[in-house]
Amino acid sequence: ARAFTCYQVVVLLEQLEQRVAVQEPVILFDLLASFYDESVDYAEGIRLLEHALDCLTHVRANAPLLVSARPPFADFPERKTFVEMLLRISDRYWIEEPLQPPTEQQLSLFS
């Protein structure tokens, strides 16, 4: 299923929480994307994300769970809190560091 708003994400996670009885793996892509929506107040986003993370905690008790997320856009630095909230409930996580541009160096004509 695909959700377009953080409200829809919460509804889908509530439904998933009720359905997951068998240990089928669950994969969620870019979980936080809809929580970064500028039309959703920061406090409301926190409230909804806390509820969503409670649902995920119940899901992972019954099934393997893999979640991907990306940091917020530079315009919303306060929403980095959302990533931190997700990391706090994670058993394991991997953070991809941004690639550093290669340093330019003059190539030698002679070896």
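**View 1. Ser34 and the residues around it.** Skip the neighbours within four places in sequence, and Ser34 is in contact (heavy atoms within 4.5 Å) with Phe4, Thr5, Cys6 and Val9. You'll find Ser34 in the loop between E1 and H2; helices (H or I, at least four residues) and strands (E, at least two) are DSSP runs, numbered from the N terminus. Ser34 has 12% relative accessibility, so it counts as buried (under 20% relative accessible area, with exposed over 50% and partly exposed in between, using a 1.4 Å probe and protein chains only).

A quick note before moving on: this is a predicted model, where local features need pLDDT of at least 70 and side-chain atom pairs count only at pLDDT 80 or more, while totals for chains, interfaces and linings use all residues. Residues are numbered from 1 along each chain as its sequence is written, and side-chain values use heavy atoms, leaving out hydrogens and water.

**View 2. Asp30 and its contacts.** Asp30 also sits in the loop between E1 and H2. With 29% relative accessibility, Asp30 counts as partly exposed. Leaving aside neighbours within four places in sequence, Asp30 is in contact with Ser68, Ala69 and Arg70. Asp30 and Arg70 are 40 residues apart along the chain, yet their C-alpha atoms are separated by 6.5 Å.

**View 3. The largest nonpolar core.** A nonpolar core is a set of buried Ala, Val, Leu, Ile, Met, Phe, Trp, Tyr and Cys residues joined through side-chain atoms within 4.5 Å. Two or more residues come from each of helix H1 (6–19), strand E1 (26–28), helix H2 (42–62) and helix H3 (80–89). H2 gives the most, with eight residues.

**View 4. Where H2 meets H3.** The axes of H2 and H3 come within 10 Å and cross at roughly 20 degrees; axes are lines fitted to C-alpha atoms, for helices over the stretch in contact, and angles run from 0 to 180 degrees between N-to-C directions. H2 and H3 are therefore roughly parallel to each other (angles under 35 degrees count as such). On the H2 side are Tyr42, Gly45, Ile46, Leu49, Glu50, Leu53, Leu56, Thr57 and Arg60, and they meet Thr81, Phe82, Met85, Leu86 and Ile89 in H3. These contact residues divide into nine nonpolar, three polar and two charged.

Methods
Angles under 35 degrees count as roughly parallel, over 145 as roughly antiparallel, 65 to 115 as roughly perpendicular and the rest as oblique. Ala, Val, Leu, Ile, Met, Phe, Trp, Tyr, Cys and Pro count as nonpolar, Asp, Glu, Lys and Arg as charged, and the others, Gly among them, as polar.
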